[in-house]
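Here is my notebook page from an afternoon with one chain.

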Amino acid sequence: MSEGKKLSGAGLRGQSAGETALSTVGVSGSGLTYRGYDVKDLGENATFEEVAYLILYGELPTQAQLDAYKAKLKDLRGLPQALKEVLERIPADTHPMDVMRTGCSMLGNLEAEHSFADQSEITDRLLAAFPSIICYWYRFSHDGVRIDTETDDDQIGAHFLHLLHGKAPSELHAKVMDVSLILYAEHEFNASTFTARVCASTLSDMHSCVTGAIGSLRGPLHGGANEAAMELIQDMKDEADARDILMGKLERKDKIMGFGHAIYRDSDPRNAIIKEWSEKLAAANGDDRLYRVSVACEALMWEQKKLFCNADFFHASAYHYMDIPTKLFTPIFVCSRVTGWAAHVMEQRSNNRIIRPSADYVGVAPRKVVPIANR
Ligand SMILES: CC(=O)SCCNC(=O)CCNC(=O)[C@H](O)C(C)(C)COP(=O)(O)OP(=O)(O)OC[C@H]1O[C@@H](n2cnc3c(N)ncnc32)[C@H](O)[C@@H]1OP(=O)(O)O
Ligand SMILES: O=C([O-])CC(=O)C(=O)O
């Protein structure tokens with residue numbers, strides 16, 4: 001910790017900034033629940049579409065409701081021509097989170113939210129269109145192909161992998177993507193969600209709230225950490241090399257991305273789940289180096305700093321094993337978290353007061369303007 005830095009109360013830590021019925025984070029030390037369901041239970045017994053429905057509509061769907069919801073989302077996967085043209089103009093070396101931000105904003109120009117009565121329709125559209133937006137841009141800018149974004153895949157995770165790789169994914173990969181989307185869906189008043197709520201509190205539109213949230217998620221202290229974690233582990237040769245590299249970083253007081261959390265104190269419940277899937281992917285892949293060095297990092301960070309892996313750390317190896325380019329890691333987070341963001345926007349709107357905190361002034365005392373010739 002940098003010396004003299006004021007931590008207590010900084011970053012609004014520990015202060016309640018409102019009420020939510022959507023999730024609890026670390027209430028009993030390490031838990032995560034979405035509308036009362038433990039995320040582990042959801043990861044084992046539900047699909048992402050059921051979880052999205054739960055978060056957005058309040059209850060887990062019946063089979064008939066789920067079938068209708070999935071059919072609706074499938075119908076919303078196509079992109080308007082004007083949006084495709086914008087995506088085609090974005091250079092290949094752009095960060096994909098900037099593409100997501102522009103894609104969301106452009107959709108707001110083409111399919112604006114004219115009334116809050118449209119908020120659920122707009123949300124379902126964003127949920128269905130985000131994988132299409134990122135993959136359309138990626139395949140056009142990197143492979144020169146104009147893909148058809150309307151696949152027949154049953155689920156959003158499989159649809160994403162299908163668009164990215166041009167073929168339907170294996171059952172294992174489809175399953176891991178589905179679990180990953182469940183884990184990232186919602187997380188109380190994190191920075192990007194709070195951004196969305198602040199924007200919503202001005203009675204702004206859904207696209208603006210989500211566009212702002214994408215900007216907040218992009219940073220390496222938040223969603224961007226899964227990409228930074230991959231950059232950290234990618235060249236580690238083995239466990240000993242992992243320890244050496246990390247010890248050097250700790251000595252230089254570098255921040256280790258994918259570790260620590262603003263709320264959890266001992267563990268992030270999402271880590272054990274994605275770690276287990278990363279191990280399965282490593283075995284299926286026949287090369288477990290990334291998994292092994294990740295485990296070595298986890299052990300060393302706990303031993304040296306009592307810091308634990310957050311949701312992002314083992315996502316790095318898991319996504320890599322599924323041949324997902326590193327720079328697309330955080331956009332996948334967007335494809336999932338849009339559910340949480342939108343649900344928070346709706347919750348904010350349902351009981352709104354503009355969010356406008358105060359600040360402690362620490363600047364110079366009142367003074368008079370000196371004429372410019374005398375300064
Ligand atoms: C999905 C998500 O968004 S999960 C979070 C993803 N982000 C990351 O993985 C980035 C790395 N982690 C971090 O930067 C932090 O742990 C955060 C941003 C997640 C939480 O920040 P805070 O609430 O300020 O952390 P906390 O109060 O527990 O720790 C403060 C001190 O612990 C140490 N610390 C915390 N995390 C780390 C880390 N990953 N590596 C090294 N030291 C750390 C630092 O000394 C920090 O002091 P500083 O303010 O001088 O940097
Ligand atoms: O809650 C946080 O501060 C960050 C986080 O883990 C998330 O948004 O998933």
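I began with burial: 49% of the 375 residues in the chain are buried, where buried means under 20% relative accessible area with a 1.4 Å probe, protein chains only. I note that this is a predicted model, in which local features need pLDDT of at least 70 and side-chain atom pairs count only at pLDDT 80 or more, while totals for chains, interfaces and linings use all residues. Residues are numbered from 1 along each chain as written, chains are lettered from A and ligands numbered from 1 in the order written, and side-chain values use heavy atoms, without hydrogens and water.

Next I looked up secondary structure. The chain has 16 helices and three strands, taken as DSSP runs numbered from the N terminus (helices: H or I, at least four residues; strands: E, at least two). I then checked the radius of gyration, taken over C-alpha atoms. The chain's value is 22 Å, close to the 21 Å from the globule rule (2.2 Å times the number of residues to the power 0.38), so the chain is as compact as a globular protein of that length. Its C-alpha trace spans about 70 × 55 × 45 Å along the principal axes.

Three bridges join E1 to strand E2 (residues 32-34). I traced one partner too: Thr24 is bridged to Thr33 in E2.

Terms used. Two strands pair if DSSP finds at least two bridges between them. Buried means under 20% relative accessible area, exposed over 50%, partly exposed in between (1.4 Å probe, protein chains only).
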